[in-house]
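Here is a short report for a reader meeting this structure for the first time. It moves from a surface patch to a sheet and then to a group of rings.

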Amino acid sequence: MQLLIIAIILAVVGIALLVQHKSYALRNMPKVLPPALFVVAVLMLLGSTIVIIPAGHVGVPVLFGKVQNRSLPEGLHVINPLLNVVKMSVRTQVYTMSIVSQEGQKSGDDSITVLSRDGLRMPLDITVAYRLISSDAPSVYRTLGEDYAEKIIRPASRTAIREAASQFTAQEAYSTKRTELATQTQEGLIERIKSLMAEQENFKGQGFVIQQVMLRNVSLPERLRRAIEEKLSMEQDAQRMEFVLAKAHKQAEQRKIDAEGKSEANRILNASLTDKILLQRGIEATMSIAESNNAKVVIIGGGKDGLPVILNVEK
C-alpha cells in the first residue's frame, strides 16, 4: 500500500513537471526528469503488487481495514496493490513468566503465586511453548491482533497453573509429581484457550497449538525445602535398603535351590552305583592304564575287590 501511494505521488509530480516544463521557473529543468519519475512510479507500482512471505510466517491480507478470510503461505505472491499484508509468525514461540528480572517477557518479578492442596503459597516459574495455526491466522488477527500472546496466552497460562497446582501438595509440586503438574497444566491450558477462542465472534478454528508447558522453578520457604529434601533422602535410603535385602533374599534362595539340586543328584548317583557296576568300571580303567605307554608297576591282587594296584614310576 505504501509503495502504491508513493508511486501515485511520483506520477502526479511527473505529470505536473511535464505540463509546466516550458515555464520560466522550470526552463533549466533536465528534460529526462519527468520520464524518470514516470519510470520510478511504474516500478514502484509493480513492486506494490508483489509480496514475499518469509519462512516460518503467513501473510494476512487486509483491504481497507477488512481482514480477508485467507492466509498467504511463505514464498512470493502477486497481490492486489491495494492490499496491506500483515506477516505473522507460525514458528514455535515461548512465553516465560519468571521471578528473575528480565528473564521473561515482563521485567521484574513475574512469577505466578499458587496455592497448593495443603494450603501453602508457592511462587512458580513457567515457560509455555506454543505456535499459531496458519489457517487460523486471519481470525486471530481479526479478533486479537498481533499481541495475542499478552491477550490470551499469558492470562490463560496463569489461570491454568493455579487450577492445576491446587490439586497437588507442596512436596508433590516440588519433587515427586512435578512432571504430572506440568502435564495437567498443559491440558488445562489447551481447554481454556479453546473455550476463550470459542467465545470470539465468528471464530471457528483452534487458534493455537500448545506444544509444552515447562515448570522451571518451584520456590518454597527454606525450612520447608530442607525438610522435604531430608524426607526424600530418607525415602531413597529406605528404598535402597529394601533393594539390598531383596537381593540378599534372592541370593539365599538361589543357594538353597543349588544345594537341593546337588543333594538330589548325589542321591540318584548313589542309588545307581552297585558293586558290580563299580567292579566293571575298575576293570575298564585297569585295562586302559595297562595299554598306555606310561612307565608303571602293576601289583597283581593287591587292590580292594581283587583289582591290581598300579603305581606310576615315570620320573
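Helices (H or I, at least four residues) and strands (E, at least two) are DSSP runs, numbered from the N terminus. The model is predicted: local features need pLDDT of at least 70, side-chain atom pairs count only at pLDDT 80 or more, and totals for chains, interfaces and linings use all residues. Residues are numbered from 1 along each chain as its sequence is written, and side-chain values use heavy atoms, leaving out hydrogens and water.

**A nonpolar patch**

Ile50, Ile52, Leu76 and Val78 make a nonpolar surface patch of about 440 Å². Nonpolar side chains (Val, Leu, Ile, Met, Phe, Trp, Tyr) are joined within 5 Å, like charges within 9 Å. Areas come from the Shrake-Rupley method with a 1.4 Å probe; for residues, only the protein chains shown count as cover. Strands β1 (50–53) and β4 (75–78) each supply at least two of the patch residues. Ile52 belongs to β1. Is Ile52 buried or exposed? Ile52 is exposed, because its relative accessible area is 54% and exposed means over 50% (buried is under 20%, partly exposed in between).

**An open sheet**

Three strands form an open, antiparallel sheet in the order β3-β2-β5. Its edge strands, β3 (66–67) and β5 (83–89), each pair on one side only. Two strands pair if DSSP finds at least two bridges between them. Strand β2 (residues 57–63) is joined to β3 by 2 bridges. Leu63 stands opposite Lys66 of β3.

Phe64 sits in the loop between β2 and β3. Its phi is near 50°, a positive value in a residue other than glycine. Most residues other than glycine have a negative phi. Phe64 is exposed, with a relative accessible area of 66%.

**Aromatic rings**

The whole structure holds 2 aromatic pairs. Rings of Phe, Tyr and Trp (its six-membered ring) pair if their centres lie within 6.5 Å; planes under 30 degrees apart count as stacked, over 60 as edge-to-face, the rest as tilted.

| Pair | Centre to centre | Between planes | Type |
|---|---|---|---|
| Tyr130 and Phe208 | 6.4 Å | 75° | edge-to-face |
| Tyr148 and Phe208 | 5.2 Å | 45° | tilted |

Tyr148 lies in helix α4 (residues 148–165) and Phe208 in strand β9, 60 residues apart. Tyr148 is buried at 6% relative accessible area. Phe208 is buried at 2%. Tyr130 is buried as well. Ring pairs link Tyr130, Tyr148 and Phe208 into a cluster.

Conventions
Patch = residues over 30% accessible without salt bridge, like charges linked within 9 Å, V, L, I, M, F, W, Y side chains within 5 Å. Salt bridge = Lys/Arg side-chain N within 4 Å of Asp/Glu carboxyl O. Buried < 20%, exposed > 50% of the residue type's maximum accessible area, 1.4 Å probe, protein only.
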